[in-house]
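I opened this notebook to record what I looked up, entry by entry.

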Amino acid sequence: MKILIYSLGKSGTTALMYSIINAYKKDLKQFFEPANLKQINYKEDDLIVKSVYANRWNTDQEFFHHYDKLILLVRNPLDRIVSYLLYLPYNGDGFSDDRNMQEYIDYLKSITNDRRPPSIIELDSLYVKITKRPSLIKVVKNQSKSILQLAKAFGSQFLHLKYEDFVDGELDMINNYLSFNLNQEVEVENKFKRTKRSGKYNDYLKFMSETEYNELYEELNDFFSYFNYDLSYRNLSSSLESKNTFNYVIKVVNEYREKNYIPLFEDGVVKVKEEGDYFDRARREFMSKNYESSLDLLKQAKEINPRFEAIEKMRLKIEKLR
């Protein structure tokens, strides 16, 4: 059997993939987040593909026919915005400068401890300032429009599964579709455990004002209507938890830093400054195979801090590939 889980980032794809593997076949050939469906070896008899690039469906659609089972996994975009803002610091992108990291953590602490009212727009703006990358609110809005177009164009070919139903254990529909029973309480590999933060939903209610909610809901109304989301804003009595906010961000950032030989972040301590930002940019260039640009950025980082261990580790990787 060939199975495709087609979705967007921070939608529960890892948990669903492992749930299917555990229920169906432990040695099922896995393809974890390929850039496109063209890369897959469809000669495999049994395989599962987990893609978080459903917004690229225009280039993937010619490969849909290879699959026996196609699952379109969707999640409330408001929760996806929150999950992105708390998870994506794992990618570096400026968060290896302790001063940037501290500013982000301090903001999350302030809303967690009720010292200021939450604002998803403020948090998103801070993310943009640190990373120099696009607004995650805009990214999620555009992705949601794209996946809605996909559902309207190919909806009959896919089983539509909501992340929220999976979390709640409402599995009859997908169990019937797959012809075997899933369990949403699954153990994933250690290297992917960071992707799970709370395992819940409706966190967006704690991260945005009622005005922000109303504006975003209006802009995403077509998505909510099509996938039958019945949402309303309400004030929650429970506060944000540190383990699911600033402590989670510290955890994922330090996992990135440990892998890349960067001094771990400690709240209130500055160990790494501009050299961390230069390293993050060098790593991006390395991943894009722009080795000369990467080496130039590493050189600039070394001029700032000659003892920064991460620089030499990255340089040796590049030299092996040149």
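Before I start, one cut-off: a residue counts as buried under 20% relative accessible area, as exposed over 50%, and as partly exposed in between. I also note that this is a predicted model.

Entry: Glu103 and Lys129.
I looked up Glu103 and found 33% relative accessibility, so Glu103 is partly exposed. Its partner is Lys129, and the two side chains form a salt bridge with N and O 3.0 Å apart. Glu103 sits in helix α4 and Lys129 in helix α5 (residues 120–131), so this pair ties together parts 26 residues apart in sequence. For Lys129 I noted a relative accessible area of 47%, which makes Lys129 partly exposed too.

Entry: Arg257 and Asp98.
I then turned to Arg257, which forms a salt bridge with Asp98; their closest N and O atoms are 2.8 Å apart. Arg257 belongs to helix α11 (residues 246–259) and Asp98 to helix α4, so the link spans 159 residues of sequence. Are these two residues buried or exposed? I found that both Arg257 and Asp98 are buried.

Entry: Arg284 and Asp93.
Next I checked Arg284, which forms a salt bridge with Asp93, with 2.8 Å between the closest N and O atoms. Arg284 is in helix α12 (residues 274–287), while Asp93 is in the loop between α3 (77–87) and α4 (98–112), so I am looking at distant parts of the chain, 191 residues apart. The relative accessible area of Arg284 is 25%, so Arg284 is partly exposed. Asp93 has 9% and therefore counts as buried.

Entry: the search as a whole.
How many salt bridges does a search of the whole structure find? I recorded 13 salt bridges.

Entry: overall build.
I counted 14 helices and 5 strands in the secondary structure. The C-alpha trace spans about 60 × 50 × 30 Å along its principal axes. The radius of gyration is 21 Å; a compact globule of 322 residues would have one near 20 Å, so the two agree. Buried residues make up 52% of the 322 residues. Of the contacts with a separation of 6 or more, I noted that 72% are between residues 24 or more positions apart.

Entry: surface and charge.
The protein exposes about 15,800 Å², and carbon and sulfur atoms supply 44% of that area. I listed 50 positive and 49 negative side chains, with the centres of the two sets 4 Å apart.

Key. Residues are numbered from 1 along each chain as its sequence is written. This is a predicted model: local features need pLDDT of at least 70, side-chain atom pairs count only at pLDDT 80 or more; totals for chains, interfaces and linings use all residues. Side-chain values use heavy atoms; hydrogens and water are left out. A salt bridge is a side-chain nitrogen of Lys or Arg within 4 Å of a carboxyl oxygen of Asp or Glu. Helices (H or I, at least four residues) and strands (E, at least two) are DSSP runs, numbered from the N terminus. Buried means under 20% relative accessible area, exposed over 50%, partly exposed in between (1.4 Å probe, protein chains only). The radius of gyration is taken over C-alpha atoms; the globule rule is 2.2 Å times the number of residues to the power 0.38. Contact means heavy atoms within 4.5 Å. Accessible areas come from the Shrake-Rupley method with a 1.4 Å probe; for residues, only the protein chains shown count as cover. Lys and Arg count as positive and Asp and Glu as negative; His and the chain ends are not counted. The place of a charge is taken as NZ of Lys, CZ of Arg, CG of Asp or CD of Glu.
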